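Open the model in your viewer and keep the selection tool at hand. We will go stop by stop.

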Amino acid sequence: MLLRGAASALLRTTTEILRSCPVSTVRFVRQSLRYPRKNRPFSTSVCLCKKKKTSLWLQLAEGQTMDGNIEEILAPLRLAVKEQGDLVRQMKQDGAPDVDITKAVAELKARKRTLEAKELALQPKDDIVDRTKMEDTLKRRFFYDQAFAIYGGVSGLYDFGPVGCALKNNILQAWRQHFIQEEQILEIDCTMLTPEPVLKTSGHVDKFADYMVKDVKNGECFRADHLLKAHLQKLMSDKKCTAEKKAEMESVITQLDNYTQEELSDLFVKYSVKSPTTGNELTPPISFNLMFQTSIGPGGNMAGYLRPETAQGIFLNFKRLLEFNQGKLPFAAAQIGNSFRNEISPRSGLIRVREFTMAEIEHFVDPNEKDHPKFPNVADLDIMLYSSKAQTSGQSAQIMKLGDAVEQGVINNSVLGYFIGRIYLYLTKVGIAKDKLRFRQHMDNEMAHYACDCWDAEAKTSYGWIEIVGCADRSCYDLQCHARATKVPLVAEKPLKEPKTVNVVQFEPNKGAIGKAYKKDAKIVMEYLSVCDECFITDQEKLLSESGEFTIETEGKAFKLTKDMVSVKRFQKTLHVEEVVPNVIEPSFGIGRIMYTIFEHTFQVREGDEQRTYFSFPATVAPYKCSVLPLSQNQEFMPFVRELSEALTRNGVSHKVDDSSGSIGRRYARTDEIGVAFGITIDFDSVNKTPHTATLRDRDSMRQIRAEVSELPVIVRDLASGTLTWAEVESKYPIFEGQETSKKDTSEE
C-alpha cells in the first residue's frame, strides 16, 4: 500500500503531460522493492491503475496516432527515458547489485529505442526514400547483387557490378585523399589470415560470439536473441494476450542483451519457440563464435581465422611504424581491406554482411599530450551531437560547435574532436546528407572498460539510425595486451628536458622456485613477468595478498604463481628518457554501410515523372564523371566522339560513351539512373559550325551550356575534382537552348 501511495503521488505531478493514468509494466516495481525504503527510487512511468487500459508508453511504442504536435507526443517518452536515466544513476550511487543495475540499463536502452523509433515515425513521409524502387534500380543496373546468384545465392555475401565497383573505388580514393594524404598517415596492407594466438590476445576468440539455435531436422540456424524477440512480438500482437502477459514479455525483450546461455534456454522452453520456417523443434542456444576459422599450412596444426577487423595488423606492426616515423609521437597508421564476420542471420542488404570492406586509422598519441595542433581548423564546424547525457535525459541530439563541445568536456579531448570533425567533412563530401548525420556518444555501460570516450557517426536511413563510422579513444589497451603476450615492449621513447626521478614497480621472481615448479617453461614465465606494466602488476599484487596466488597465461599455457615464487619490488630511478605507452584514437569506417547510406541519401525521382529516377552522387565519387552522347547514329558525329573520349582519358576523367539507338532524352535518363554527373552531347552544330562546339549537361539541374570541344575535357575534369562549380561554368559559357543548324529536337523526353 505504501508503494502504491508513493507511486500515485508521483503520478499526480505528471498528469498535465500524461493526461491520464494508464497501465504500464511493473517490472521495476519488483526491482525497487529490493532497496531499503529510505533509498528506494521511483519511476513516474510506473503506473498502477486499472489493468484493462493500455499504457500510453505501449500506445506510443505500438505506433498509435495521437493529437497534438510532435513534441507533445514525444514528451511522455522523453520523460520516461529521463526517469529511467535518473533511476540508473541513483542505483549506482546507492551501490545496488550489479544484476539490478544491468536490468535497469537494459530498460533504459529499450526506452531510448522506443523514443527514437517514434521520432523517426513522426518524420514527414516525403523524407523517407522509396526503398523498393531504389533497390530495384540498384539490382537492375547491377550496382551490386547477391553473390553466387545462379546457384541460389548465399546470404550476407554480395558482388559489386561495374557501376558499384567504380563507386566503391571512388569512395576509397576520396578517403585516401582526405585522410592518408592530407594527414600524412602511414598506410599498410596486412594479411587477412590471422593466427589464433593474436586473436586470443585481443579477446576475439573468447568474446566475439552470439548465441544460436538450430532446427533439429534441417539444421537451419537462427540467432537466438533475434528469434526470441520476433516470437514474443508475435505473441504480444495477439488480441488475446493480456496486459500482464504483454508486460512480462516486453520486460524479457528489454533485457535480451543480458541473458546467460542457460536463461535463454529456459525462455525458449517457457514460450515454446519453434522454427519460424518449418515449425520444428529447436536445439538449446549455444555460443557461436562469429569468426571464420581455418588452419594455416598443410598439416592443420596452426589454427587461424579470417580477420574480423583490420586494426590488429596495425597494432602488431607498431614497432616498425614507430621506427619509420623516426621514433616520434604522435603518428597515425591506416589500412583498407576486407574483414569477415560469420553472421548467424545477415540481413538489411549491405548493412549486415559476412564479408565487408573496412578503412581504419590508428592514431598513436602521448596520453599526456592529447591536444591536436590542427583542431582549430575544425573547431567552428556545427555538428549534430547526441551526448550520453542527452540520451539518458530523453533529450534530442543538439547542433554544437566542435570547439564548444571539447571546451565543455562533452568530447573528451581535442584529438578525438579533430577526428570527429574530419569524419564529418569526409562523409558530407561523399554524399551523406548533413541533416541526416549525427554523432552519438556511447553511454558508460556501452564502452569497453579501457575506453576513454567513444562516438559513432550515425546516418538516418529507411532502417532507422545506423552506425557507419566508429571513433573511439581506446587508451593503451591493445598495445599492452600484445606486449604482455609476446614479451616485446610496444612503447615509444620520449627524451626529457631534464632528468627526473620516478617510482618503479616490477615483479621480483624467485628463479629457483619457478624453475622447480615449471622446469623448461620457467623461461617463458620469467620473460612474461619482465614486461608487465605497472597497472597489471598492481592488480596481481592485490590478488597475491588476498588469495596468496594469481594465474598468468602465455603461449597458450596457464601458470599459477604463489607468494614464494614472486613478489613485487618498488624502487626509484633517474630517467633521461621516458617510456610512453601511446593511447590510440581509432576511427573505423564501414565502407559498405557508407555506400548504402549514400544510395539512400542521393536517390531522387524527377519531378513530374515518377518512373524517372537517378542518383545525385557528388561528382567526386560518381562512378562515371561524364557521358559522351552523339545526338544520333549519324557517322558524322563519330570523329568528335573519338576525339572527346581520348581527351577525357588523357585528363583522367572516367566516362561512358553511349552511341546506342534511341532518343537523346532516353539516353540521358539511362546515364542519370547510374549517377553519371555530366553529359557531353555532339549535335549538328558540332559538325556544321566552327570552332566546333558541343553541349555539356548537368545531371541534377538538367541545364546545359555550349563550349568548344577542346575545352570540355578540362571543364569536366575541374568539375569532377571540385575545383570548379556548375554555377561558375554557367556564368562563363552560354546556356544551350537549341540547335541552330538542324530541326532535330534535343529537348529531353
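**Stop 1: helices 11 and 13.** Select residues 224–236, which form helix 11, and residues 261–270, which form helix 13. Their axes come within 11 Å and cross at roughly 30 degrees. Angles under 35 degrees count as roughly parallel, so helix 11 is roughly parallel to helix 13. Helix 11 passes helix 13 in a left-handed crossing. Now show side chains. On helix 11, pick Ala224, Leu227 and Leu228. On helix 13, pick Leu264, Leu267 and Phe268. These residues make the contact. By class they are 6 nonpolar, no polar and no charged.

**The whole model.** Zoom out. Keep in mind that this is a predicted model. The protein has 28 helices and 28 strands. Of its 749 residues, 51% are buried. Now think about contacts between residues at least 6 apart in sequence: 70% of them join residues at least 24 apart.

**Stop 2: helices 5 and 6.** Select residues 70–93 for helix 5 and residues 98–121 for helix 6. At what angle do the axes of helix 5 and helix 6 cross? The angle is roughly 160 degrees, and the axes come within 9 Å. Angles over 145 degrees count as roughly antiparallel, so that is the label for helix 5 against helix 6. The crossing of these two helices is left-handed.

Show side chains again. Helix 5 brings residues including Ile73, Leu74, Leu77, Arg78 and Lys92 to the contact. Helix 6 brings residues including Asp100, Ile101, Glu107, Leu108 and Arg111. By class, the contact of helix 5 with helix 6 has 12 nonpolar, 3 polar and 8 charged residues.

**Stop 3: helix 23.** Select residues 591–602. This helix has 12 residues. From first C-alpha to last it reaches 16 Å, close to the 16 Å expected at 1.5 Å a residue. Is helix 23 mostly covered or mostly uncovered? Mostly covered: 11 of its 12 residues are buried. Click through some of the buried ones, among them Ile591, Met595, Tyr596, Phe599 and His601.

**Stop 4: Gly665.** Select residues 664–673 to bring up helix 25, then pick out Gly665 within it. Gly665 has a relative accessible area of 1%. Buried means under 20%, so Gly665 is buried.

**Stop 5: two cis peptide bonds.** Select Leu329 and Pro330. The peptide bond between them is cis, with omega near -5 degrees. Pro330 sits in the loop between helix 15 (318–324) and strand 10 (331–340). Then jump to Thr690 and Pro691. A cis peptide bond joins them too, with omega about -5 degrees. Where is Pro691? Look in the loop between helix 26 (684–688) and strand 27 (693–698).

**Stop 6: two positive phi values.** Select Phe142. Its phi is near 55 degrees, a positive value in a residue other than glycine. Phe142 is in the loop between helix 7 (131–140) and strand 1 (144–146). At 37% relative accessibility, Phe142 counts as partly exposed. Finish at Phe148. Phe148 is not a glycine, yet its phi is positive, at about 60 degrees. Its place is the loop between strand 1 and strand 2 (158–160).

How values were computed: Residues are numbered from 1 along each chain as its sequence is written. This is a predicted model: local features need pLDDT of at least 70, side-chain atom pairs count only at pLDDT 80 or more; totals for chains, interfaces and linings use all residues. Side-chain values use heavy atoms; hydrogens and water are left out. Axes are lines fitted to C-alpha atoms, for helices over the stretch in contact, and angles run from 0 to 180 degrees between N-to-C directions. Helices (H or I, at least four residues) and strands (E, at least two) are DSSP runs, numbered from the N terminus. Angles under 35 degrees count as roughly parallel, over 145 as roughly antiparallel, 65 to 115 as roughly perpendicular and the rest as oblique. A crossing is left-handed if the near helix is turned anticlockwise from the far one by less than a right angle, and right-handed if clockwise. Contact means heavy atoms within 4.5 Å. Ala, Val, Leu, Ile, Met, Phe, Trp, Tyr, Cys and Pro count as nonpolar, Asp, Glu, Lys and Arg as charged, and the others, Gly among them, as polar. The expected span of a helix is 1.5 Å times one less than its number of residues. Buried means under 20% relative accessible area, exposed over 50%, partly exposed in between (1.4 Å probe, protein chains only).
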